[in-house]
Amino acid sequence: MVMFYESYKPSRNLVTKLMKKFGVETTFVGIADIEGFRAAIKPGKTKLVLFESPTNPVTRIANIEEICRTCRENNIISVIDNTFAGFHNHGQYPIDLYLHSLTKFANGHGDSLGGALLGNRSLVDKIREFAIDLGPSLAPQSAYLILRGMRTYTLRYERQVQNALKIAKFLSTHPLVEKILYPGLESHPDYELACKQMKDSGTIMAIYLSSQAPDIASFMNSLQYFSISASLGSTESLVAPIDIFYGGNLPEEIKPAAHILPNAVRLSIGIENVEDLIADLTQALIIR
């Protein structure tokens, strides 16, 4: 199979540690390296491509059209973890399977765990039997909480995107912020691709503090509205250290190209008053 370096850390662990024991070989390439992606395909041997867009944690955007075309030409199953993009994005592409963490935007309140697999019915039917036998079926209470959350999905997501764009624009001009990766900003390396593929810019961003800013721990601990958590998509805003939480199994020489750096944090923007969130970020960025 083929996967991108910029993928979610537990997904990398799944293929490099668990699936490897079953004889599955995985080739990693950079998400922006389309030629490298094509070259990584081994005709007759590569069976699956697993990718994310936007990626977790630094919101890089995959060229979905090109990935789908390459997969179709080589009879390869395409699987996208579509959690960051939400249920309303990327449906225009011939992706075989969509993965969603229902814990995130679907539930929206941080009080239930679940996942969903959507897409090609024949593939889903093949997977369903094993999924039931292995036990990842939702408990009734979890299913209820996720269904409850879906009733407000659109309202929450729209507010979160509005807040995220305002915060991203604010942080992009802050003197103690070295760089920000948010697909809604023209400075994002994949801005044009994001505009082409997505209906919005999402609710997640990565910010990189300058050497003059407070250290990462001080910055996060000073925040009042942002809770430190690896989750996302909830009504409350969250912050997570990027290198500590997501870079543990990446080779050190790969981290700079993947934007996994020790001065970076990931923000998941909630539905709070945006001026309160901006004020909170402002006070946390004061050198004490």
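Modeller: Happy to! The secondary structure here comes to 10 helices and 11 strands. With a radius of gyration of 19 Å, close to the 19 Å that the globule rule gives for 288 residues, the protein is as compact as a globular protein of that length. Please keep in mind that this is a predicted model. Of the 288 residues, 52% count as buried. Among contacts with a separation of 6 or more, 69% are between residues 24 or more positions apart.

Now to the strand itself. β8 covers residues 204-209 and is mostly covered, with 6 of its 6 residues buried. Its side chains point two ways: Ile-204, Ala-206 and Tyr-208 go one way, while Met-205, Ile-207 and Leu-209 go the other, and all of them are buried.

β8 also has strand partners. One is β7 (residues 177-181), which pairs with β8 in the antiparallel sense over 4 bridges. In that pairing, Ile-180 has Ile-207 of β8 as its bridge partner. Another is β11 (residues 264-268), which runs antiparallel to β8 and is joined to it by 5 bridges. Here Ala-206 has Arg-266 of β11 as its bridge partner.

Leu-18 counts as partly exposed because its relative accessibility is 45%, a value between the 20% limit for buried and the 50% limit for exposed. Together with Leu-14 and Phe-22, Leu-18 makes a nonpolar surface patch of about 330 Å².

Methods:
Residues numbered from 1 in each chain as written. Predicted model: local features only at pLDDT ≥ 70, side-chain atom pairs only at ≥ 80, totals over all residues. Heavy atoms only, no water. Buried < 20%, exposed > 50% of the residue type's maximum accessible area, 1.4 Å probe, protein only. Helix = DSSP H or I, 4+ residues; strand = E, 2+ residues; numbered from the N terminus. Pairing = 2+ DSSP bridges. Patch = residues over 30% accessible without salt bridge, like charges linked within 9 Å, V, L, I, M, F, W, Y side chains within 5 Å. Areas by Shrake-Rupley, 256 points an atom, 1.4 Å probe, with all protein chains shown as cover. Salt bridge = Lys/Arg side-chain N within 4 Å of Asp/Glu carboxyl O. Rg over C-alpha atoms; globule rule 2.2 N^0.38 Å. Contact = heavy atoms within 4.5 Å.
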